[in-house]
Amino acid sequence: FFCCSHAPAMWGLGDWVDPSALASVGLTATSEPDAAELVCPSLSWQQRIAGWAICFAMGCLCSLASVRQIGSVLLGNGVKFAALYTVGNVASLAATFFLLSPQRQLRSMFEPHRRKASAAYMITL
């Protein structure tokens, strides 16, 4: 759910879930810190969730506000649309950095099966 490879250790799942079942979905039951803890070591898991929610909500609001500017694009002035759309998408993407580290998020985006879609997404921003 939270895309965190060491989440079972935080939630105590390693004590009652079979480690092979965790491994099958990319999770481990280790107690080593995850990448997000290394980037923002002072944030609790609840603060990370709050940061993600706030950043994602701001991104969604900017993206929705950009829809109101589509008419101006048709009239030849797409600056407001482009700015709001780009800020909204960057904020939504940055929201995942609260749950993962930026390095892990970007590495995940450019895995072989996601590489083309991620490149197209980044280019069109």
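Mentor: A helix here is a DSSP run of H or I with at least four residues, and helices are numbered from the N terminus. The model is predicted.

Trainee: In which helix does glutamine 105 lie, and does glutamine 105 count as buried or exposed?

Mentor: By that numbering, glutamine 105 belongs to helix α7. Buried means under 20% relative accessible area. The relative accessibility of glutamine 105 is 12%, so the residue in α7 counts as buried.

Trainee: Which residues does glutamine 105 touch, not counting residues up to four places away in sequence?

Mentor: Contact means heavy atoms within 4.5 Å. With residues up to four places away in sequence left out, the residues that glutamine 105 touches are Leu93, Thr96, Phe97 and Leu100.

Trainee: How many helices and how many strands does the protein have?

Mentor: Read along the sequence, the pattern is α-α-α-α-α-α-α-α. The secondary structure therefore comes to a count, under the definition of helices and strands as DSSP runs. That count is eight helices and zero strands.

Trainee: In which helix of the protein is confidence highest?

Mentor: The mean pLDDT of the protein is 77, with 67% of its residues at 70 or more. Among the helices, the lowest mean is 43, in α1 (residues 7–11). The highest mean, 93, belongs to helix α4 (residues 45–67).

Trainee: What share of the protein's contacts between residues at least 6 apart in sequence joins residues at least 24 apart?

Mentor: The protein has 125 residues, and 24% of them count as buried. Among its contacts between residues at least 6 apart in sequence, the share that joins residues at least 24 apart is 56%.

Trainee: How are α4 and α6 oriented relative to each other?

Mentor: Their axes come within 7 Å and cross at roughly 165°. Angles over 145 degrees count as roughly antiparallel. α4 passes α6 in a left-handed crossing, and the residues of this contact divide into 17 nonpolar, eight polar and one charged. By the angle, α4 and α6 are therefore roughly antiparallel.

Trainee: Which residues does cysteine 55 touch, not counting residues up to four places away in sequence?

Mentor: Cysteine 55 is in helix α4 and, at 14% relative accessibility, counts as buried. Its C-alpha atom is separated by 9.8 Å from that of phenylalanine 97, 42 residues apart along the chain. Leaving out residues up to four places away, cysteine 55 touches Ala91, Ser92, Ala94, Ala95 and Phe98.

Trainee: What is the C-alpha separation of alanine 95 and isoleucine 54?

Mentor: Alanine 95 is in helix α6 and is buried, at 0% relative accessibility. Beyond its neighbours within four places in sequence, alanine 95 is in contact with Trp52, Cys55 and Phe56. Alanine 95 and isoleucine 54 are 41 residues apart along the chain, and their C-alpha atoms are separated by 7.9 Å.

Trainee: Is α6 oblique or parallel to α7?

Mentor: Helix α6 (residues 79–99) and helix α7 (residues 102–109) pack at about 120°, with their axes 8 Å apart. Angles under 35 degrees count as roughly parallel, over 145 as roughly antiparallel and 65 to 115 as roughly perpendicular, with the rest oblique. The angle therefore makes α6, relative to α7, oblique.

Trainee: How do the residues of the contact of α6 with α7 divide by type?

Mentor: α6 passes α7 in a right-handed crossing. From α6 the contact takes Leu93, Thr96 and Phe97, and from α7 Pro102, Gln105 and Met109. By type these residues divide into four nonpolar, two polar and no charged.

Trainee: What is the C-alpha separation of tyrosine 121 and asparagine 89?

Mentor: Tyrosine 121 lies in helix α8 (residues 115–124) and is partly exposed, with a relative accessible area of 27%. Tyrosine 121 touches Asn89, Leu93 and Met109, residues up to four places away in sequence not counted. Tyrosine 121 and asparagine 89 are 32 residues apart in sequence, and from C-alpha to C-alpha the separation is 9.6 Å.

Trainee: Which residues does asparagine 89 touch, not counting residues up to four places away in sequence?

Mentor: Asparagine 89 is in helix α6 and is buried, with a relative accessible area of 13%. The C-alpha atoms of asparagine 89 and cysteine 62 are separated by 8.2 Å, at 27 residues apart along the chain. Residues up to four places away aside, asparagine 89 touches Ser63, Tyr121 and Leu125.

Conventions:
Residues are numbered from 1 along each chain as its sequence is written. This is a predicted model: local features need pLDDT of at least 70, side-chain atom pairs count only at pLDDT 80 or more; totals for chains, interfaces and linings use all residues. Side-chain values use heavy atoms; hydrogens and water are left out. Axes are lines fitted to C-alpha atoms, for helices over the stretch in contact, and angles run from 0 to 180 degrees between N-to-C directions. Helices (H or I, at least four residues) and strands (E, at least two) are DSSP runs, numbered from the N terminus. A crossing is left-handed if the near helix is turned anticlockwise from the far one by less than a right angle, and right-handed if clockwise. Ala, Val, Leu, Ile, Met, Phe, Trp, Tyr, Cys and Pro count as nonpolar, Asp, Glu, Lys and Arg as charged, and the others, Gly among them, as polar. pLDDT is the predictor's confidence in each residue, from 0 to 100. Buried means under 20% relative accessible area, exposed over 50%, partly exposed in between (1.4 Å probe, protein chains only).
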